Amino acid sequence: MKNKDGISRQIWVFFCSVKLTVYILVLLAVTSIIGTVVLQNGSPQQYVNLYGEGIYNLIQVFDLDDMYHAWWFLLLLLVLCINITVCSVERLSLLWKTIFPGRVRFNVNRYLKSKSSQTIDTTSSVKPLLEPCESWLAKQAGPVIRQTDGQTTYLYAEKGRWTRLGVFVVHASVLLLLAGALIGAVFGFKANVRIDEGTQTGRVFESKTREPITLDFIIRCNEFDVSFYENGAPEEFRSNLTIIEGGQESLTTDIRVNHPLRYKGINIFQSSYGTAAPDTVTMQMVDNQSGAEILRDIRIGETIDLPDGAGQFTLQGFLPHFEFREHDLGETFFGLVTLAGETGFQIGMPIQFPTFDKMRKGRFTFVVTDFEKRYYTGLQVTKDPGVWYVYAGFILMILGCWVTFFMSHQSFLLTLSPRETGGTRVVLSGKSSRNSRSMTLKLKQMATRLENQLNKGE
């Protein structure tokens, strides 16, 4: 390609370099290995525990904790896309006239020197053989070009010239795959959300940044079920979800692990579950001075008075897992105790350890004795608008590889010349853009069929 602009020409030459392709592919391979080895989308504490503070800072600088969305990784993909496009245009511009010639020409000498040529001697003269030979060759390869040189006649035909485009189809498929990856990385997201049974939400939270993302619809968890093996391990968990769009229920379905819901480009996966905070719990308050025991139903966030004006108690919340001195105490309620004239302090009430608050040795001991157990469903919500480009890329790659490796441009030349002893010598020659050994076998098979046909006509 000629370009009068020197800078433009240099940029063009830079991007049409095959060396550049090799360097980028090597870089992508190496960085992909790093992305496989280094934990992706983990918490800061996980990285510090695994690699230490110094390496964690290095991981943050280069975005190695989310490497496949890092700007430098996406830039490598973009450069590779440009490189493949420029290389394809450069090569296609050179091959265009070869693939789509205005007039088909052939060099007789290229075929006459072929060692794989097949010879057929007949007793018939040249003229009556021309029509049957031309008809036969047209059926084998396509339109025939006839050329005469003295007493010798050449019949030429070819097929599959377009198969030289196969490599460009492969290039296009790679571009689609890369474009799909880039579109998915830039415009897609991977988020999580927790929905209690009977509640709904239209917002999810990006997995890494925890930034809220507003969906075009609302997800409602109608019901959650979990079944367990005898050893207590979960066997299967299922969420019954309803999609509400524009105030109307659009879809209600169950999702399970490996059976996600796909709705308008959004994928909803079942990822986790846990115990949700109940609305109301039954509490026992024991006055350690008088020995009096009081049972009360109390809602989370509600404040009640302690006996004899001793103060107040507020039930603050619930955690499915409570870490205490590096031990998981499981489901735990929290409350704020404010004794008269004193500053309030927080207490924990693990369900598995009813006497836990008694160890505090205060005037009052608080125990949650009963509550209605509810579950929440943990969902992973993803969007990848580039996935259809990826699918199209895979289909195009299969087609391109088939054309490139299993099809070829083939041309044939039939030479008919009179023999000195009488009759005609027919020579069949052929060329193939790929796999010349198979062309030799094909010429033998074609020559056999042609000889049989000519013998029938004699």
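**Entry 1: a crossing.** I looked up how α5 and α8 cross, and the crossing is left-handed (the near helix is turned anticlockwise from the far one by less than a right angle; clockwise would be right-handed). I am working with a predicted model, where local features need pLDDT of at least 70 and side-chain atom pairs count only at pLDDT 80 or more, while totals for chains, interfaces and linings use all residues. Residues are numbered from 1 along each chain as its sequence is written, and side-chain values use heavy atoms, with hydrogens and water left out.

I noted that two packed helices are described by the angle between their axes and the distance between the axes. The axes of α5 (residues 71-99) and α8 (residues 166-187) come within 10 Å and cross at roughly 155° (axes are lines fitted to C-alpha atoms, for helices over the stretch in contact, and angles between N-to-C directions run from 0 to 180 degrees). That makes α5 roughly antiparallel to α8 (under 35 degrees is roughly parallel, over 145 roughly antiparallel, 65 to 115 roughly perpendicular, the rest oblique).

Which residues of α5 meet α8? I found Leu74, Ser88 and Arg91 among them, and the α8 side includes Phe168 and His171.

Entry 2: I moved on to α8 and α9 (residues 387-406), which pack at an angle of about 165° with their axes 8 Å apart. That makes α8 roughly antiparallel to α9, and their crossing is left-handed. Gly166 and Ser173 are among the α8 residues in this contact, and α9 brings Tyr389 and Gly400, among others (contact means heavy atoms within 4.5 Å). I count 17 nonpolar, six polar and no charged residues by class here.

**Entry 3: the UniProt record.** The unreviewed UniProt entry gives "transmembrane region" for residues 12-39, 70-89, 165-189 and 388-407. In the model, residues 70-89 are 95% helix and 0% strand, with end C-alpha atoms 29 Å apart. Residues 388-407 are also 95% helix and 0% strand, with end C-alpha atoms 28 Å apart.

**Entry 4: a salt bridge.** How many salt bridges does a search of the whole structure find? I got 15 (a side-chain nitrogen of Lys or Arg within 4 Å of a carboxyl oxygen of Asp or Glu). I picked Asp121 and Arg425, whose side chains meet at 2.8 Å, N to O. Asp121 lies in strand β1 and Arg425 in strand β22, so the pair ties together parts that are 304 residues apart in sequence.

Definitions and conventions: Helix = DSSP H or I, 4+ residues; strand = E, 2+ residues; numbered from the N terminus. UniProt positions renumbered as here; feature names shortened; annotations may be inferred. Nonpolar A, V, L, I, M, F, W, Y, C, P; charged D, E, K, R; others polar.
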